[in-house]
Amino acid sequence: MHINDAVFLEDLCPKFRFRQWRKSIHRFTGKSCIYCGKPSESIDHVLPRSQGGLSTTENCVPACLSCNGDKSDENALYWYRRQKFYDPRRAMAIRAWLEGDLRLAIRLLQWANPNFKTSNKNYEQDESGYKAA
Ligand SMILES: [Zn+2]
């Protein structure tokens, strides 16, 4: 496919692009919740949309439904500090993620969870980041 066709396709199908973006977010952490390490079933806005948080890779982390629902509209870092499963390495990872340093975030998550699996090849490709409208 010609590169121009791909761009054209994406413009035609923003939903498709959004789905791809969501998938790439989950792939960064090997489909595990950034807060507790359980399977991620949703995307959480670290700074809630109600507080002006954007749907960008930097502000969107993979989260399980339990964490996402419990956190609700709270600031993620404040909320996370109060959780039983709080892990300072994960807190650092969340902070790195917010700063757009996904490479560091993933390294910290790997440190927090030795069983952590992710495809670094995909991650390298996705690092430029998709942004949702
Ligand atoms: Zn969770």
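Trainee: How many aromatic pairs does a search of the whole structure find, and what makes two rings a pair?

Mentor: In this predicted model, the search of the whole structure turns up eight aromatic pairs. Rings of Phe, Tyr and Trp pair if their centres lie within 6.5 Å.

Trainee: Which residues form one aromatic cluster?

Mentor: One aromatic cluster is formed by Tyr 35, Trp 79, Tyr 80, Phe 85 and Tyr 86.

Trainee: Why is Asp 70 called partly exposed?

Mentor: Asp 70 has a relative accessible area of 47%; buried means under 20% and exposed means over 50%, so a value in between is called partly exposed.

Trainee: What makes the arrangement of Arg 89 and Trp 111 a charge over a ring?

Mentor: The charged end of Arg 89 is 5.3 Å from the centre of the Trp 111 ring, and the limit for CZ of Arg is 6 Å, together with a position within 35 degrees of the ring normal, so Arg 89 is said to sit over the ring.

Trainee: How do you know which residues coordinate the zinc ion?

Mentor: Donors are N, O and S atoms within 2.8 Å of the metal, and the SG atoms of Cys 33, Cys 36, Cys 64 and Cys 67 coordinate the zinc ion at 2.3 Å, so these four cysteines count as its ligands. Along the chain, the donors follow the spacing C-x2-C-x27-C-x2-C. Cys 36, in the loop between α2 (14-28) and β1 (42-45), and Cys 67, in helix α3 (residues 65-71), are 31 residues apart, and this pair links distant parts of the chain.

Trainee: Why is the site of the zinc ion called tetrahedral?

Mentor: The angles among its four donor atoms run from 103 to 116°, and four donors count as tetrahedral if all angles lie between 85 and 135 degrees, so the site meets the criterion. The ideal angle for four tetrahedral donors is 109.5 degrees.

Trainee: Are Cys 67 and Ser 55 buried or exposed, and how do you know?

Mentor: Cys 67 has 2% relative accessibility and Ser 55 has 18%; because buried means under 20%, both residues count as buried. Ser 55 lies in the loop between β1 and β2 (60-63), and its side chain makes a polar contact of 2.9 Å with the side chain of His 45.

Trainee: What makes Lys 31 and Ser 72 worth a comment on phi?

Mentor: Neither is a glycine, although Lys 31 has a positive phi of about 60° and Ser 72 has a positive phi of about 55°. Lys 31 lies in the loop between α2 and β1 and, at 57% relative accessibility, is called exposed because the cut-off is over 50%. Ser 72 is found in the loop between α3 and α4 (76-81), and its 45% counts as partly exposed.

Note on methods. Residues are numbered from 1 along each chain as its sequence is written. This is a predicted model: local features need pLDDT of at least 70, side-chain atom pairs count only at pLDDT 80 or more; totals for chains, interfaces and linings use all residues. Side-chain values use heavy atoms; hydrogens and water are left out. Donors are N, O and S atoms within 2.8 Å of the metal (3.2 Å for Na, K and Ca); water is not among the atoms, so sites may look incomplete. Four donors count as tetrahedral if all angles lie between 85 and 135 degrees; four count as square planar and six as octahedral if opposite donors are over 155 degrees apart and all others between 65 and 115; anything else is irregular. Helices (H or I, at least four residues) and strands (E, at least two) are DSSP runs, numbered from the N terminus. Buried means under 20% relative accessible area, exposed over 50%, partly exposed in between (1.4 Å probe, protein chains only). Rings of Phe, Tyr and Trp (its six-membered ring) pair if their centres lie within 6.5 Å; planes under 30 degrees apart count as stacked, over 60 as edge-to-face and the rest as tilted. A polar contact is a pair of N or O atoms within 3.5 Å; within protein, one must be able to donate a hydrogen and the other to accept it, and residues adjacent in sequence count only if both atoms are side-chain atoms.
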